[in-house]
Amino acid sequence: MGDEDGGHLVAVGELAEELHKDAPESVLHDAVLDTAAGKRTLSPEVANALAQEVTHPDEQLSAREVELLTLLETGASNREIASTLFISLATVKTHLIHIYRKLGVDNRTAAVREARARRLLPGR
């Protein structure tokens, strides 16, 4: 295997990280072929996350918002989040409003799903 082949393997490895893990087999197949042909392939989730970051670069989540999202991911209630973070219930609700706006979502489940897609949560 030559250096050029090694480069293709690296590109395919990078592609695997960029595609959503639940992508259909046909999408993965097409993505591998496109990557081998030198084209860049992104899952719709990754493409949307990148587009969001490009169109709203100042809309990054604060460290506190990421903390709150991490607790949200565990299924914690607003009251449990407030107690864990030593903040008021009103502050939790304010953070949620900001998170929803920044992620372009309107509920807790969508916020966690979008944060996972963007790899914003620790350990993701």
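1. Helices, of at least four residues, and strands, of at least two, are DSSP runs numbered from the N terminus. By this definition, the protein chain of this predicted model contains seven helices and zero strands. Followed along the sequence, its pattern reads α-α-α-α-α-α-α.

2. Turning to the chain as a whole, 32% of its 124 residues are buried. Among contacts with a separation of 6 or more, 50% are accounted for by residues 24 or more positions apart.

3. Is V92 buried or exposed? Its relative accessible area is 0%, and because buried means under 20%, V92 counts as buried.

4. The surroundings of V92 may be considered next. Leaving aside residues up to four places away in sequence, V92 touches L68, N78, I81, A82 and I87. Between V92 and E80, which are twelve residues apart in sequence, the C-alpha to C-alpha distance is 9.9 Å.

5. Helix 7 covers residues 108–117, and its buried residues include A110, A111, V112, E114 and A115.

6. At its start, a side-chain oxygen of N107 lies within 3.1 Å of the backbone nitrogen of T109. Just after helix 7, R119 adopts a positive phi of about 55°.

Conventions:
Residues numbered from 1 in each chain as written. Predicted model: local features only at pLDDT ≥ 70, side-chain atom pairs only at ≥ 80, totals over all residues. Heavy atoms only, no water. Buried < 20%, exposed > 50% of the residue type's maximum accessible area, 1.4 Å probe, protein only. Polar contact = N/O pair within 3.5 Å; in protein donor to acceptor, adjacent residues only side chain to side chain. Contact = heavy atoms within 4.5 Å.
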